Amino acid sequence: MSMLQLEVVTPDKTVVSAQVEMAVCPGVMGEFGVLPHHVSLLSALKIGNLRYTEGGKQHNVFISGGFADVNNKVLTVLAESAELAEDIDTARAQAAQERAEKRLASQADDVDHARAEAALQRAVERLHVAQLR
């Protein structure tokens with residue numbers, strides 16, 4: 001069976017390096033699947049869940065934006081940050097969600113609403129991916 005090499009890399013570390021059957025990425029224009037022998041592709045990624053199948057088992061990775069590059073049976077995901085579902089600290093994500101919601105509810109002039117909305121989106125998606133363990 002032909003396999004796809006998946007590399008999920010952040011500025012700090014390599015989160016995933018595995019031979020997989022397939023992967024589904026959260027593209028900015030919608031999800032897209034990658035199988036072995038996929039045509040070359042470069043896509044921007046949004047905050048979301050990257051799913052992949054390894055040994056018949058599905059795994060989930062939280063991605064907070066970045067890029068996906070497919071070339072020669074290798075899918076390289078360069079992400080701003082990424083966490084395996086089982087490594088997500090749900091208490092920390094819940095606290096981040098509450099902080100972001102408080103900032104958005106605040107009427108203070110010094111609140112950066114775009115930044116608070118992005119923080120809220122990251123926290124909500126991290127919690128969603130953590131539930132997929």
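**Phe67 and the protein around it**

Reply: In this predicted model, Phe67 sits in strand E6, which covers residues 57–71.

Me: Is Phe67 buried, partly exposed or exposed, and why?

Reply: Phe67 counts as partly exposed because its relative accessibility is 48%, and partly exposed runs between under 20% for buried and over 50% for exposed.

Me: OK, and which residues form a nonpolar patch on the surface with Phe67?

Reply: Leu42 and Leu78 do. Together with Phe67 they have about 340 Å² of accessible area.

Me: Stepping back, how many helices and strands are there in the protein?

Reply: There are 2 helices and 8 strands.

Me: What box do the C-alpha atoms fill?

Reply: Along the principal axes, the box is roughly 55 × 25 × 25 Å.

Me: And what share of the residues counts as buried?

Reply: The protein has 133 residues, and 44% of them count as buried.

Me: What about the accessible surface of the protein, how much belongs to carbon and sulfur atoms?

Reply: Carbon and sulfur atoms make up 51% of a surface of about 7,500 Å².

Me: Contacts next. Of those with a separation of 6 or more, what share joins residues 24 or more positions apart?

Reply: That share is 50%.

Me: Last topic, charges. How many positive and negative ones are there, and where are their mean positions relative to each other?

Reply: The protein has 13 positive and 18 negative charges, and their mean positions are 3 Å apart.

Definitions and conventions: Residues numbered from 1 in each chain as written. Predicted model: local features only at pLDDT ≥ 70, side-chain atom pairs only at ≥ 80, totals over all residues. Heavy atoms only, no water. Patch = residues over 30% accessible without salt bridge, like charges linked within 9 Å, V, L, I, M, F, W, Y side chains within 5 Å. Areas by Shrake-Rupley, 256 points an atom, 1.4 Å probe, with all protein chains shown as cover. Salt bridge = Lys/Arg side-chain N within 4 Å of Asp/Glu carboxyl O. Helix = DSSP H or I, 4+ residues; strand = E, 2+ residues; numbered from the N terminus. Buried < 20%, exposed > 50% of the residue type's maximum accessible area, 1.4 Å probe, protein only. Contact = heavy atoms within 4.5 Å. Lys, Arg positive; Asp, Glu negative; His and termini not counted. Charge placed at Lys NZ, Arg CZ, Asp CG, Glu CD.
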